[in-house]
Amino acid sequence: MHDLVILTNTQSNEFAEALWSQVDQLGLPSETIFYKFAFIYLPHPPDVEPITLFKNYIEDAQFPIQKDNEISFTRGHIPICEEIIRARNYIEWSNKDIFEIFDRLVEWWDADKKYLKISPSDILFGSTADEFKDRFERLVNVTAVIAPNFNLSKENNREETLQRLIRELRDYGINALRLESACLHIYPESREDVLERIENGMASDIHELVVDSLRAVWVMVENMETDTSKKEL
């Protein structure tokens, strides 16, 4: 186990100066090994607002909607998804931010879900369907991260869109219990059904179902802890 390193004020200022000495077009440090979200909590110059810069990065980054070019096999490694997921404990998204991310996720799903139906025999190397299943597993993770902060209303149609997304993920064979677990505050009437499917998933001999069920429980625990913290405040 590594010892925790505590920087002095001088060391912290020197680190911030070095880290932010080279920045990219969005103003975030470049030529580093760090994820972008790390700059939220790492030392920074007093005139820099890393949260604003990070949000600008997320707004500028693209979800991997497949174009007409050749399909790249990523095994589900989607940088923008990793950033949003890993930043969840360091940033609070506004309703506007969340809705914009959600709308882009739905756009990605609607554009690329057709690739889940491609037979492995249709391509020369690997499986296109498996590649897009891996990609959409990340979509589920991102949506589950932002869903607890949804403040939906029937007026903007997003509640209906979220229901459609969950239904279609299940229809296309994407495990999404963790997302449904994150949406229980929106659809409380589904609690018993979700809990029953979590219990059945844990008892399954299918590894993916067990993992998804465990993640669903973890999402519920995290959200309960968040709700308790808010009540204490």
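**Terms and their grounds**

Analyst: Of the chain's 233 residues, 41% count as buried, meaning under 20% relative accessible area, with exposed over 50% and partly exposed in between (1.4 Å probe, protein chains only). This is a predicted model, in which local features need pLDDT of at least 70, side-chain atom pairs count only at pLDDT 80 or more, and totals for chains, interfaces and linings use all residues. Residues are numbered from 1 along each chain as its sequence is written, and side-chain values use heavy atoms, leaving out hydrogens and water.

User: How many helices and strands does the chain have?

Analyst: The chain has 9 helices and 0 strands; these are DSSP runs numbered from the N terminus, helices being H or I of at least four residues and strands E of at least two.

User: Where does D112 lie, and which residues does D112 touch?

Analyst: D112 lies in helix 4 (residues 95–112). Leaving aside residues up to four places away in sequence, D112 touches P64, I65, Q66, F132 and F136, contact meaning heavy atoms within 4.5 Å.
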